[in-house]
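Biologist: I would like to go through this chain step by step, asking about a few elements and residues in turn. Please show it to me before we start.

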Amino acid sequence: MGVREAAADGAGNPVVARRCGADVRALRSRWRTASLAAGWSYPADWPLEEVDEVCAVVLAGADAGHELYRLGAARAEAGAGLAETLLDLAALHAVLAEPVGSAGIVSPNVDAIPARMLRTTALGWGDVMSAQAASCAADNPLTGLATGAYLRTRLREVYAEARTSGRRDHVLVFVSLDLGRTTGWSRVVAMTLLADALREVFDSGQTIASVGPSVAAVLLKPDANLHRSVVNLRLLAADRLAVDPHVASTGPVEVWLEPLPATYEEVGELLCRYSVDGGIGR
């Protein structure tokens with residue numbers, strides 16, 4: 001009789017209930033030991049309700065596909081990476097492959113996991129991560145600047161509009177800092193201060209995005225005030241950076257205009273160049 005059937009048939013029998021619970025606890029303990037020995041990073045994060053559900057179903061000899069999917073999803077929600085999740089699954093598979101009652105050391109092997117176990121667990125993990133990615137904001141939570149990916153999306157829309165209208169009326173304003181003499185957190189602080197200056201100068205719906213570790217860009221339609229805005233940005237950014245002694249050594253703020261190239265592919269190459277090389281000495 002399987003665990004589920006035993007639990008159902010012996011719902012009023014405390015001996016049966018204890019036996020079922022003991023079997024689940026024993027399997028869970030061996031699984032946890034094997035997973036930790038294989039490299040599970042945070043022991044306190046390992047126990048989950050879904051672990052017990054998987055143990056109960058596999059002990060019953062039933063198909064654990066649904067429970068493994070839920071386990072993969074729970075691991076993703078808890079912050080476990082896919083590699084760690086699958087190594088944990090390999091630990092379960094290695095334990096189950098041992099003879100009943102065995103207390104020997106097992107060697108988890110991800111490549112030995114049956115395809116169905118691996119697929120259902122990975123699908124559960126992947127579905128959660130896909131949902132999280134879809135709900136993520138398109139900006140950096142520290143600087144508040146839009147991501148480079150979002151800028152590329154906006155540029156694709158601008159080029160599509162240009163094909164329809166027959167004219168390109170956007171330009172890019174690039175801003176670069178020399179972060180060669182700063183390290184660690186000071187780099188983030190410098191870019192955050194630069195982002196504040198950018199948002200203050202360009203506050204009319206322009207796309208302001210990070211292009212690289214030390215370069216930001218603004219996608220906008222030029223007007224009669226653009227030259228003044230560029231000058232104001234250069235002065236305001238320098239003032240903001242000078243206030244913090246940890247980032248005062250970032251050097252001069254470099255600001256320049258770039259007309260949009262003829263094609264979207266060319267502007268992509270431009271962004272790649274500045275994201276790698278920066279603006280200083282371009």
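Biologist: How many bridges join β1 to strand β4?

Modeller: This is a predicted model, in which local features need pLDDT of at least 70, side-chain atom pairs count only at pLDDT 80 or more, and totals for chains, interfaces and linings use all residues. Residues are numbered from 1 along each chain as its sequence is written, and side-chain values use heavy atoms, with hydrogens and water left out. Strands are DSSP runs of E with at least two residues, and helices are runs of H or I with at least four, numbered from the N terminus, while two strands pair if DSSP finds at least two bridges between them. β1 and β4 (residues 254-259) run antiparallel, and the number of bridges joining them is 6.

Biologist: Which residue of β3 stands opposite Val173?

Modeller: β1 is also joined to β3 (residues 215-220), again in an antiparallel arrangement, by 6 bridges. Within β3, the residue that stands opposite Val173 is Val218.

Biologist: How many residues of β1 are buried?

Modeller: Buried means under 20% relative accessible area, exposed means over 50%, and partly exposed lies in between, using a 1.4 Å probe and protein chains only. Val171, Val173 and Val175 point one way from β1, whereas Leu172, Phe174 and Ser176 point the other way, and all are buried. For the strand, residues 171-176, the count of buried residues is 6 of 6.

Biologist: Is Thr143 buried or exposed?

Modeller: Thr143 is found in the loop between α6 (115-135) and α7 (148-165). Leaving aside residues up to four places away in sequence, Thr143 touches Met191, Thr192, Ala195 and Arg199, where contact means heavy atoms within 4.5 Å. Because its relative accessible area is 10%, Thr143 is buried.
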